Amino acid sequence: MNSGDFESDIAAIRFLKGMTARHLAILEACAGRSHFKENQIIFRQGETANRFYLIEDGMVELETANRGIVAGSISFGGALGWSWLFPPYEWQFTARALRDTSAIFFCATVLREQCEADPTLGLELFKRMAAKMVKRLQSARMRLLDCASGLWPNRSGARHGVA
């Protein structure tokens, strides 16, 4: 793959639509590709959040570390990981590939430095991330409430709250 292909792949991602060529070039400079096998843990709750991912193919599930409660899933075109934006930069959930998954990742420490140097880049990323965060948090909240009431099974299929 040549860098022109990678640049066009990044520019084609729906999450990044409307970003300037300068911002896309900055993102490309701190990006790489990842592949995760089915059932592979991508990151664990509490670990350092040092990347964020844009899913190209496959599906990722977010779960709580202590009880395996599913908090949501992300598939093609979705953004995985927003904990890199906020101190103490630790993952809030565990992410697991439900099937073979390909993603473009961005080095968060470099990206945070770039956002500090260019606040317009930070604003553009934050606006995009904020919309995803709100949806993901609402979904996780509903699933956790359902689990607490015994209506939603956890990853193992067991229902919580049912005597």
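I take helices (H or I, at least four residues) and strands (E, at least two) as DSSP runs, numbered from the N terminus.

**Before starting.** My model is predicted, so I read local features at pLDDT of at least 70 and side-chain atom pairs at pLDDT 80 or more, while totals for chains, interfaces and linings use all residues. I number residues from 1 along each chain as its sequence is written, and side-chain values use heavy atoms, with hydrogens and water left out.

**Entry: the sheet.** I looked up the strand order and got E1-E8-E3-E6, an open sheet of four strands with antiparallel pairing. Strands E1 (31-36) and E6 (79-80) are at the edges with a single partner strand each, so one side of each has no neighbour in the sheet. Two strands count as paired if DSSP finds at least two bridges between them. E1 and E8 (residues 101-107) have six, in the antiparallel sense. In that pair I found Gly 32 opposite Phe 105.

**Entry: helix H3.** H3 (residues 108-117) packs on the sheet and touches E3 (51-57) and E8; contact means heavy atoms within 4.5 Å. The direction of H3 makes about 45° with that of E8 (axes are lines fitted to C-alpha atoms, for helices over the stretch in contact, and angles run from 0 to 180 degrees between N-to-C directions). Which residues of H3 are buried? I listed Ala 108, Leu 111, Arg 112 and Cys 115, where buried is under 20% relative accessible area, exposed over 50% and partly exposed in between (1.4 Å probe, protein chains only). On the other side of H3, Glu 113, Glu 116 and Ala 117 are exposed.

**Entry: salt bridges.** My rule is a side-chain nitrogen of Lys or Arg within 4 Å of a carboxyl oxygen of Asp or Glu. That gives six salt bridges. One of them joins Glu 56 to Arg 33, with the closest N and O atoms 2.7 Å apart. Glu 56 sits in E3 and Arg 33 in E1, 23 residues apart. Asp 9 joins Arg 33 and Glu 56 in a network of salt bridges.

**Entry: helix H4.** Lys 127 and Glu 124 form a salt bridge too (3.2 Å, N to O). I found both in H4 (residues 119-149), three residues apart, about one turn of the helix. Lys 127 is partly exposed, with a relative accessible area of 45%.
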